[in-house]
Amino acid sequence: MWRRPVFKRGFYEVLGLLLWRQPGLQMLNCGYSEPGFTMPEAPADLAAERLGCQLYHRLVRDVVLHDREVVEIGCGRGGGARFLAHTTQPRSYLATDASRLLILGNRRRPVPRVRFAAAAATALPLLAAGCDVLLGVEAIHPLPDKGALLTEAARVLRPGGVLLLADFFYTRETSPHSVAGFHALLRAGALSLVAEEDWTQQAVAALAEDSPRRLATIAGLPRPLRRPALSFAGTTESPLYRQLGNGQARYLFFRLQKVG
Ligand SMILES: C[S@@+](CC[C@H](N)C(=O)[O-])C[C@H]1O[C@@H](n2cnc3c(N)ncnc32)[C@H](O)[C@@H]1O
């Protein structure tokens, strides 16, 4: 029940309210862990969330963000935006999320070059061909219409622009968030698929490594929020951890390009 879109939306708004004054918990993703992985130094306030930073770094590692106009969908608490603005120095970084409260909370902690805006991933506040890089970390699975996101990406990206996505997908073909369903949308969409990678192992390793910290945070939440938090916050107690481990889910990376 907690994993239905209506509860997820409500959960993120409540989270925004609860964490209003909290500087921590800036990353709301599985994270990425790989032996010997290196990345530029994160800002000090993200030190505890290294694995989330590694996921953002891995996402953009093969793409130039420096001096580019970058847009993020589903930015959550804004940790990824803070990390990437600090490490890659884009010309501008528009970090968007459907949750107004998360965005209002993020605006309380301004970051050079980053602008936070409340917007659905499928209706971005951008003119056509308005950005060079569009990215999203675990921002596709909440979308009921993932095809609409691909259409929006094709609208807002400049020719040659890049869409970078990392998220988990279910292998059961009847799931509304299935691997096969997303592949079909990619084939039908206007963007070219440049690369696809399976990061399931790295996501599982990150969840295992970071779980004690996350479980301690959840234990500190008000009691009614603990069950939904345990259900879809990434920990070793979550269904997602089990599903990634037993093949019912896969964690995938996609890099697409607007040709032209
Ligand atoms: C799992 S969190 C990921 C947050 C962030 N990318 C990170 O890695 O920390 C998913 C985010 O997607 C946002 N979201 C849900 N539905 C959305 C939609 N239709 N458009 C834009 N964002 C949405 C939620 O509010 C939430 O902040």
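How many nonpolar, polar and charged residues make up the shell around the ligand? In this predicted model, the shell divides by class into 13 nonpolar residues, four polar ones and three charged ones. Twenty, written as 20, is the number of residues around the ligand, and those that come nearest are Leu-28, Asn-29, Gly-74, Asp-97 and Val-137.

A polar side-chain atom of Asp-97, one of the nearest residues, sits 2.6 Å from a ligand oxygen atom. Leu-28, also among the nearest, takes part through its backbone: one of its polar backbone atoms is 2.7 Å from an oxygen atom of the ligand. On the nitrogen side, a ligand nitrogen atom lies 3.0 Å from a polar side-chain atom of Tyr-56. The ligand taken alone exposes 600 Å², of which the protein buries 93%.

Attention now turns to the helices. Two packed helices are described by the angle between their axes together with the distance between those axes. For helix H2 (residues 50–60) and helix H3 (residues 79–88), the axes come within 10 Å and the crossing angle is roughly 55 degrees. H2 and H3 are therefore oblique to each other, and H2 passes H3 in a right-handed crossing.

A second pair is formed by helix H7 (residues 200–219) and helix H9 (residues 239–246), whose axes come within 10 Å and cross at roughly 140 degrees. Angles count as roughly antiparallel only over 145 degrees, and H7 and H9 are therefore oblique to each other. The crossing of this pair, H7 with H9, is left-handed.

Conventions: Residues numbered from 1 in each chain as written. Predicted model: local features only at pLDDT ≥ 70, side-chain atom pairs only at ≥ 80, totals over all residues. Heavy atoms only, no water. Near = heavy atom within 4 Å. Polar contact = N/O pair within 3.5 Å; in protein donor to acceptor, adjacent residues only side chain to side chain. Areas by Shrake-Rupley, 256 points an atom, 1.4 Å probe, with all protein chains shown as cover. Nonpolar A, V, L, I, M, F, W, Y, C, P; charged D, E, K, R; others polar. Axes fitted to C-alpha atoms, helices over the stretch in contact; angles between N-to-C directions. Helix = DSSP H or I, 4+ residues; strand = E, 2+ residues; numbered from the N terminus. Parallel < 35°, antiparallel > 145°, perpendicular 65-115°, else oblique. Left-handed = near helix turned anticlockwise from the far one by under 90°.
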